[in-house]
Amino acid sequence: MNIIKVDELNKRFKDKAVLKEISFEVDEGECVALIGPNGAGKTTLLDCLLGDKLITSGHVSIQGLPVTSSKLDYTRAYLPQENVIVQKLKVKELIAFFQSIYPNPLSTQEIDQLLQFDEEQKNQLAEKLSGGQKRLFSFVLILIGRPKLVFLDEPTAAMDTSTRQRFWKMIQDLKSQGVTILYSSHYIEEVEHTADRILVLHQGELIRDTTPLTMRSEETEKHFILPLDYREVVEHSRLVEKWSQKQDALQVVTRQADAFWDSLVQVGCSIQEIEVTNRSLLDTIFEETQKGEA
């Protein structure tokens with residue numbers, strides 16, 4: 001059963017096309033990761049699915065309803081990039097408030113199991129929590145209403161490794177309960193741990209709709225690190241897709257590793273002189289994302 005249906009969505013801001021002819025569907029219980037470099041349109045797409053931004057053309061629906069329908073209010077939850085919790089209330093006060101506004105909220109015991117805060121932390125003002133604790137707390141707050149569809153924008157930003165792993169476990173638990181999840185992420189480990197599908201956005205276009213396993217199994221690039229002595233071989237080789245010089249080494253990319261290695265051996269290169277690593281399409285996308293943040 002389709003929960004989300006997007007058909008030829010376009011979004012423009014004045015003369016700039018931010019999203020172009022986006023089409024995809026998300027079925028009930030799927031966990032879908034939205035990835036791509038900064039500026040690819042991930043947050044804008046989430047805003048359109050939430051009804052926070054009107055689309056320029058195309059069609060978007062959730063559970064067969066317009067995204068602005070009030071019937072979706074208690075079935076859909078959203079965690080934005082920035083934490084928006086009230087700073088001057090205690091943790092336990094915020095929990096009680098969220099429990100009061102939903103018709104069938106999580107119990108205090110269920111919330112404690114998710115949050116794993118001690119009594120001292122629950123009595124703290126929210127502003128006293130660490131960055132990772134605030135992020136986790138924000139996530140738990142949106143789950144109090146037992147949503148069936150969850151949108152997350154960079155959910156583990158500011159989390160340390162152990163908190164991020166707890167978040168992954170919570171995602172797996174939500175999946176087991178049949179909750180549908182669409183989230184954006186800059187962490188390759190996160191996508192590989194949690195996503196059933198991957199949507200790849202680039203310059204406002206949906207360029208791939210695939211799975212982590214499929215992307216990992218596709219043709220990989222080989223990245224060679226070589227001494228400068230072999231620069232002439234690299235410069236004249238038709239097997240090299242791109243290369244660069246970094247300090248005292250050459251960095252070479254090729255998809256024909258065996259043939260390129262043979263050409264190095266012919267000029268006396270030994271295995272001890274080189275490093276070789278694999279880069280899949282998934283690795284490449286996340287490397288480009290990291291460069292965009294730098």
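A crossing of two helices is right-handed if the near helix is turned clockwise from the far one by less than a right angle. In this predicted model, helix 2 and helix 3 cross in that right-handed sense. Glu-110 sits in helix 3, while Ser-185 sits in a loop.

**Helix 2 against helix 3**
- Helix 2 spans residues 91–101 and packs on helix 3 at about 130 degrees. The two axes lie 11 Å apart.
- That angle falls between 115 and 145 degrees, so helix 2 is oblique to helix 3.
- Helix 2 contributes Val-91, Ile-95 and Gln-99 to the contact. Helix 3 contributes Thr-108, Ile-111 and Leu-115.
- The contact residues comprise 4 nonpolar and 2 polar, with no charged residue.

**Glu-110**
- Glu-110 belongs to helix 3, which covers residues 108–115.
- Its relative accessibility is 30%, between the 20% and 50% cut-offs, so Glu-110 counts as partly exposed.
- The side chain of Glu-110 makes a polar contact of 2.9 Å with the side chain of Arg-146.
- Ile-144 is 34 residues from Glu-110 along the chain, yet their C-alpha atoms are 9.0 Å apart.

**Ser-185**
- Ser-185 lies in the loop that links strand 8 (180–184) to helix 7 (188–194).
- Ser-185 has a relative accessible area of 1%, under the 20% cut-off, and is therefore buried.
- A polar contact of 2.8 Å joins the side chains of Ser-185 and Glu-190.

Note on methods: Residues numbered from 1 in each chain as written. Predicted model: local features only at pLDDT ≥ 70, side-chain atom pairs only at ≥ 80, totals over all residues. Heavy atoms only, no water. Helix = DSSP H or I, 4+ residues; strand = E, 2+ residues; numbered from the N terminus. Buried < 20%, exposed > 50% of the residue type's maximum accessible area, 1.4 Å probe, protein only. Polar contact = N/O pair within 3.5 Å; in protein donor to acceptor, adjacent residues only side chain to side chain. Axes fitted to C-alpha atoms, helices over the stretch in contact; angles between N-to-C directions. Parallel < 35°, antiparallel > 145°, perpendicular 65-115°, else oblique. Contact = heavy atoms within 4.5 Å. Nonpolar A, V, L, I, M, F, W, Y, C, P; charged D, E, K, R; others polar.
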